Amino acid sequence: VKLVESGGGLIQAGGSLRLSCSASGPALSEYAVGWFRQVPRKAREFVGAITWRSGTETAYADSVKGRFTISRDNAKNTVYLQMIGLKPEDTARYYCAARIDSGLPQEYDYWGQGTQVTVSS
């Protein structure tokens, strides 16, 4: 499956953005999808994830819990990351990843190229 992220940009602190992870190839509904972020010279950080198909289960990093929400629209073959209350420390390149898994994977097999989110203070 090929993943493409979009929706990043420059935004002021306190603002909102919605990132999209769109898939081509096999149906994304058969994949658990995770979101990660990375800043230069730092390790990649887990942001959150959603289970496959109806997406009944989600998980979030403590740093984003209550501010970020992951959802999926299987008809559009897309998973979203809704971000509200953005902070300068949310600035990073955001990646989505996928794996065929009924749960929340520890590892992912497919990755997108990322989209940059920059939050100004």
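I take a salt bridge to be a side-chain nitrogen of Lys or Arg within 4 Å of a carboxyl oxygen of Asp or Glu. I am working on a predicted model, where local features need pLDDT of at least 70 and side-chain atom pairs count only at pLDDT 80 or more, while totals for chains, interfaces and linings use all residues. Residues are numbered from 1 along each chain as its sequence is written, and side-chain values use heavy atoms, with hydrogens and water left out.

**Entry: salt bridges**

I counted 6 salt bridges by this rule. I looked up Glu45 and Arg37 to begin with. Their side chains meet in a salt bridge, 2.8 Å from N to O. For burial I use relative accessible area: buried is under 20%, exposed over 50%, partly exposed in between (1.4 Å probe, protein chains only). Arg37 is buried at 6%. Glu45 is partly exposed at 31%.

Next I checked Asp90 and Arg67. This salt bridge has an N to O distance of 2.7 Å. Asp90 sits in the loop between strand S8 (78-83) and S9, and Arg67 in the loop between S6 and strand S7 (68-73), so the pair ties together parts 23 residues apart in sequence. I take strands (E, at least two residues) as DSSP runs, numbered from the N terminus. Asp90 is buried, with a relative accessible area of 1%. Arg67 is buried as well, at 13%.

How are Arg37, Glu45, Arg67 and Asp90 linked? I find them in a network of salt bridges.

I then looked up Glu30 and Arg53. Their side chains form a salt bridge at 2.9 Å, N to O. Glu30 lies in the loop between S3 and strand S4 (32-38), and Arg53 in the loop between strand S5 (45-50) and strand S6 (58-60), so this pair ties together parts 23 residues apart in sequence. Glu30 is partly exposed at 29%. Arg53 is partly exposed at 42%.

**Entry: disulfide**

I count a disulfide when two cysteine sulfur atoms lie within 2.5 Å. The count comes to 1. Cys21 and Cys96 form it, with their sulfur atoms 2.1 Å apart. The pair links distant parts of the chain: Cys21 is in strand S3 (residues 17-24) and Cys96 in strand S9 (residues 92-99), 75 residues apart. Which hand does the disulfide have? The torsion about the S-S bond is about 70°, so the disulfide is right-handed. Cys21 and Cys96 are both buried.

**Entry: Gly34**

I moved on to Gly34, which lies in strand S4. Gly34 is buried, at 0% relative accessibility. What does Gly34 touch, not counting residues up to four places away in sequence? I list Gly48, Ala49, Tyr95, Cys96, Ala97 and Tyr108, with contact meaning heavy atoms within 4.5 Å.

**Entry: a sheet**

I count two strands as paired if DSSP finds at least two bridges between them. I traced an open sheet of 4 strands in the order S1-S3-S8-S7, with antiparallel pairing. Strand S1 (2-6) and S7 stand at the edges with a single partner strand each, so one side of each is left without a neighbour in the sheet. The twist averages 20° from one strand to the next, with axes as lines fitted to C-alpha atoms and angles running from 0 to 180 degrees between N-to-C directions. S1 and S3 pair in the antiparallel sense over 5 bridges. I also noted that Leu3 has Ala23 in S3 as its bridge partner.
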